[in-house]
Amino acid sequence: MKKISPLLLSLLSGLLLVCAWPDAGFSPLIFIAWVPLLVLANKEENRIRFFLFALLSMFIWNAGTTWWIWNSTAPGAVGAIIANSFLMAIPLWGFHTFKTKYGNRIGLFSLVALWLTFEYVHLSWQLSWPWLTLGNVFAKHTDWIQWYEFTGVSGGSLWVLLANIMLFSVANSSKTSRIPTIAAAISVLIFPVFLSFLVHPNKAEVSATTNVIIVQPNIDPYSEKFDVASTEGQIQKLINLSEKNIDVNTRLVLWPETALPVPVWQDQFQQSVQYQPVFDFVNRHPDITLQTGIETRKNYGTEKATKTARKNELEGIYYDAFNAAVVIKAGEPVAFYNKSKLVPGVETLPDFLLWLGPIFEKFGGTAGGYGHDKEAVAFKVKGNPYITAPIICYESIYGEYITNYVQKGANLLTIMTNDGWWANTPGHKQHLDYAKIRAVETRKWIARSANTGISAVIDNNGDILETRPWDTAAAIKFAIPAVEGETFFVRNGALIFGLALFATIVLLAYHFIMILKKRFIGNKV
């Protein structure tokens, strides 16, 4: 690759990353996708030029894997792709800086530390978009990553970086060191797969005596779902699909995100006229618990109780709107969970843009998007063996956040989503594949209800056992076991990300000290 121009190296790295990503289907390419960038770092001494070439690689990766956001929001897609590409290029620029100043070994070490720190930060700040966390690349190959129950996706990201570094080292090794370097590279590539084989649980017979009904109503989110005039028909469709499958062993019925689309005050939900058919359905089946997505509101009166509260000028009150989940069972109180991990730009605004709130409100908009709960909630309903984790759409890509549901006692992960915004593109397929990783990390079964598909049952090995195809109205009835216990990852979180953050702090501190030393001590010599 030494004779290849910097531009071609940049293009090659971006294209390899795209081809490796689900749903392209060439996952092994991820182990060489970073090698062109490492070669480029050796060829290009100018930091600004390297940053621009790295930015091009990251742009190709982002555009080639998440272009489908365009179907939901064209401005949002452009903004997300450009912003994420820029953010990804920053740790690469840092790697180039450390490599240039302190040599190849510290440079390569900094690449691992800085990139993993970036992924960690990108999981937790207000512009969070961890869709392209490197460890997600193995979502179609959960048999390779059964050890995620110890590390989460951070382990996969580390594996990818180390494998690329080792293969790059092979290409640059001398004749005397080539054989041991090749042996080390092969070990890095193979050992995680071997470890996965060792920790892979035996495939057990399903012994559950109770079943779950997962409903996929297939309601168009653009033309029908939020049309108030069609709400009655939507609810009846959900009820019909459910009742065709309910039997004496059914204990949980799962409907998708915003299956109940007309906003309702949470404290008045049980009195709402439009949703009385839902309560009638539940009362006809007293042994079942219904869990469904719902649009709700909470009234704060004349005080702006939260940053996200919006004002109703006609009534003079402040309120929050929620993308929520609710559980309903005959004779039991209803319980709500308000989606916590909100989609940046679409469902929430970062604090530094909240100053635009008054402008948005004048045009009927919102100062801060949806309200949200501060932590996860597990739904435990009397008489139901399933303690469910009400995971709403985008939340399912946050592995460490999902562990909070399990820590609160959840023995079944229930994902409610509406991927119809993206149409029939790789977006909804990638989203389904990422759910498989959550099953491995927590060793919990997953019931996934997707409005337009793909709904699925996923076992605790990350294997999809049953699905319903895209753009089809259907339901799944499956005897799902309630699995107790916590994995190492659930108990301890992403330790690798924590170690990377510590290493980054040490590197930056060292770099800062060297700058001060050169400025104040060097000038005196």
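Reader: Where does the charged end of Lys225 sit?

Author: A charge sits over a ring if NZ of Lys or CZ of Arg is within 6 Å of the ring centre and within 35 degrees of the ring normal. Here the charged end of Lys225 lies over the ring of Phe226, 5.9 Å from its centre. Likewise, Lys341 has its charged end over the ring of Tyr398, 4.9 Å from the centre. A word on the source: this is a predicted model, where local features need pLDDT of at least 70, side-chain atom pairs count only at pLDDT 80 or more, and totals for chains, interfaces and linings use all residues. Residues are numbered from 1 along each chain as its sequence is written, and side-chain values use heavy atoms, with hydrogens and water left out.

Reader: How many aromatic pairs does the structure hold?

Author: Rings of Phe, Tyr and Trp (its six-membered ring) pair if their centres lie within 6.5 Å; planes under 30 degrees apart are stacked, over 60 edge-to-face, and the rest tilted. The structure holds 34 such pairs. One of them, Trp129 with Trp131, is stacked, at 5.4 Å centre to centre and 15° between the planes. Tyr401 and Tyr405 instead pair edge-to-face, at 5.5 Å and 85°.

Reader: Which residues form one aromatic cluster?

Author: Trp68, Trp129, Trp131, Tyr394, Tyr398, Trp422 and Tyr434 do.

Reader: Is Trp131 buried or exposed?

Author: Buried means under 20% relative accessible area, exposed over 50%, and partly exposed in between (1.4 Å probe, protein chains only). Trp131 is buried because its relative accessibility is 1%. Tyr401 and Tyr405 are both buried too.
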